[in-house]
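Let's take a friendly walk through this structure. Have the sequence and the 3D view at hand as you read.

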Amino acid sequence: MFNPVELLRHLGAGVVERVWRLGVASRFFVALLLRSGTALRRYPLTLREIWFSGVLSLIIILVSGLFVGLVLGLQGYEILQRYGSAEALGTMVALSLLRELGPVVAGLLFASRAGSAITAEIGLMKATEQLTAMDMMAVDPVARVVAPRFWGGVISMPLLAALFSTMGIFGGWLIGVVFIGVDDGAFWSQMQASVDFRYDILNGVLKSAVFGVAVSLIAVFEGYDSAPTAEGVSRAITRTVVTSALAILALDFVLTSFMFRELS
Amino acid sequence: MSEDLLVQIENLQFDYGGKPVLRGIDMRIPKGKVVAIMGGSGCGKTTLLRCIGGQLRPTAGKVRVHGAVVNEMRQAEVYALRRRMGMLFQFGALFTDLSVFDNVAFPLREHTDLPEALIQNLVLMKLEAVGLRGARDLMPNSLSGGMARRVALARAVALDPALIMYDEPFTGLDPISLGVIGQLIRRLNDALGATSIMVTHDIQESLVIVDYIYFISDGKVVAEGAPEDIRHSEDPFVRQFVHAEADGPVPFHMPAPPFAEDLGVAAARGAAHV
């Protein structure tokens, strides 16, 4: 029973619903920023969240960084030596990690490791009335629970991306220089000559900071906005991971097209 | 308005998504008393409690606490008021990432600048009052339901509130824990000189410990009185409640289309005649 009017109505309702939700999330973001005083003044609260979302994500970030670097070393060498420029391996590995892979892959891993945990924790606190109880004790849950987790994520993300890139470069060096036998001096000196601090490294850090804000905001918002049931929390976690991944990839395209002008 | 009322509710109405939940409630809760609000599940008892605490804004009517109208306050004023309120939630709502000690210390640490040594003494006093000083280092997930409720009670009274609210304090407790919580509610209220409002459907325990009972049905107060009057009441609703009868003014059946129609029996019979 195909009804075009009904289909159109459904489509419209879906769009309105999503735009409305975006508005709710934006208002939540503003409220969160306005009530961040406590999280910053009582910095142990935020430090604790840096431990949970930053330090506890270290293993997955470091190991993934190493493997991505190893693969880059292998593939990079295989392609570059066709053109007789295997010494450029250092440049290739460093630039791809610092500009793109570091922020993006670390962001995706951060969303699935730390983002999902933040959503689950806030969602369960809501489902078990802990947030309501806090509110009844005249303690603002947005200031006390949400803001420290948000800032913890925002601070952790660029640091994790930097560590990811560092491990990746080490992995590329390990494969290229130690195992394949690319010249050690050429590997590092070419990298040093072609990587610009402001153009490559700072832009990469800026990207990871933007991803940190996006992922942390999505994670705390989905948790705070989840339906207070087991099913609601599980759906909120799924939405965190999916929305974060899409947001990271879309933002990455926008940021790249602005940052690296000579590409376009 | 007489002086000794702590909470006064006038013609309170509340709609939830266009559906009326409370349809004009009037209540007067004097200082120092333990008052029970009773009614079947889903009759709006918890909504009423949330209106008193300022978490929900009523559609119409007034909630006065200490003479001030809660539903006309700004958020900062509501927060100032809540520092003098304690609330026990249905399943305790303890913070699962904090130990028993830190849970009870939470309101003290958030709202006072007391030195840590003094906070330690205060927390241990509150835990001693609920008999759980020995559980101070446990995490909430290793407590039984009754113990969690007692820790939550210690947390609710940490700041010596003037008003303590209980949302279904007896749900899911064994008879011993239930009696313990009941006695604690009465004892803490009298020791602190506080006033307590208890939302519950446990009639037998309530008749023992409270001073006054309100019955709510369908968003309205249908009966009220002291426990003695309630016990001997001839009101059909109260009788059904006190004697736990399945059918009465509160019907056993939820409104539904005729049973035969739902089963398709009527339609089948109609078809047979053709």
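We begin where the two chains meet: twelve residues of chain B and ten residues of chain A make up the contact. Two residues are in contact here if their C-beta atoms, placed from the backbone, lie within 7 Å. On the side of chain B that touches chain A, α2 (75–82) and α3 (100–111) of chain B each supply at least two residues. The largest share of that side, three residues, comes from α3(B). Ala, Val, Leu, Ile, Met, Phe, Trp, Tyr, Cys and Pro count as nonpolar, Asp, Glu, Lys and Arg as charged, and the others, Gly among them, as polar.

A word on the source: this is a predicted model, in which local features need pLDDT of at least 70 and side-chain atom pairs count only at pLDDT 80 or more, while totals for chains, interfaces and linings use all residues. Residues are numbered from 1 along each chain as its sequence is written, and chains are lettered from A and ligands numbered from 1 in the order in which they are written.

Now to chain A. It has ten helices and zero strands; helices (H or I, at least four residues) and strands (E, at least two) are DSSP runs, numbered from the N terminus. Among contacts between residues at least 6 apart in sequence, 86% join residues at least 24 apart.

One helix pair in chain A deserves a look. The axes of α5(A) and α8(A), lines fitted to C-alpha atoms over the stretch in contact, come within 7 Å and cross at roughly 50°. That angle makes α5(A) oblique to α8(A).

| Helix | Range | Residues in the contact |
|---|---|---|
| α5(A) | residues 89–127 | L89(A), G90(A), T91(A), A94(A) |
| α8(A) | residues 184–194 | F187(A), W188(A), Q190(A), M191(A), S194(A) |

The residues of this contact divide into five nonpolar, four polar and no charged.For the angle terms, angles run from 0 to 180 degrees between N-to-C directions; under 35 degrees counts as roughly parallel, over 145 as roughly antiparallel, 65 to 115 as roughly perpendicular and the rest as oblique.

Finally, is V210(A) buried or exposed? V210(A), which lies in helix α9 (residues 197–225) of chain A, counts as buried because it has 21 C-beta neighbours inside 10 Å. Leaving aside neighbours within four places in sequence, V210(A) is in contact with L251(A) and L255(A).

How values were computed:
A residue is buried if 20 or more other C-beta atoms lie within 10 Å of its own, exposed if 12 or fewer, and partly exposed in between; C-beta atoms are placed from the backbone.
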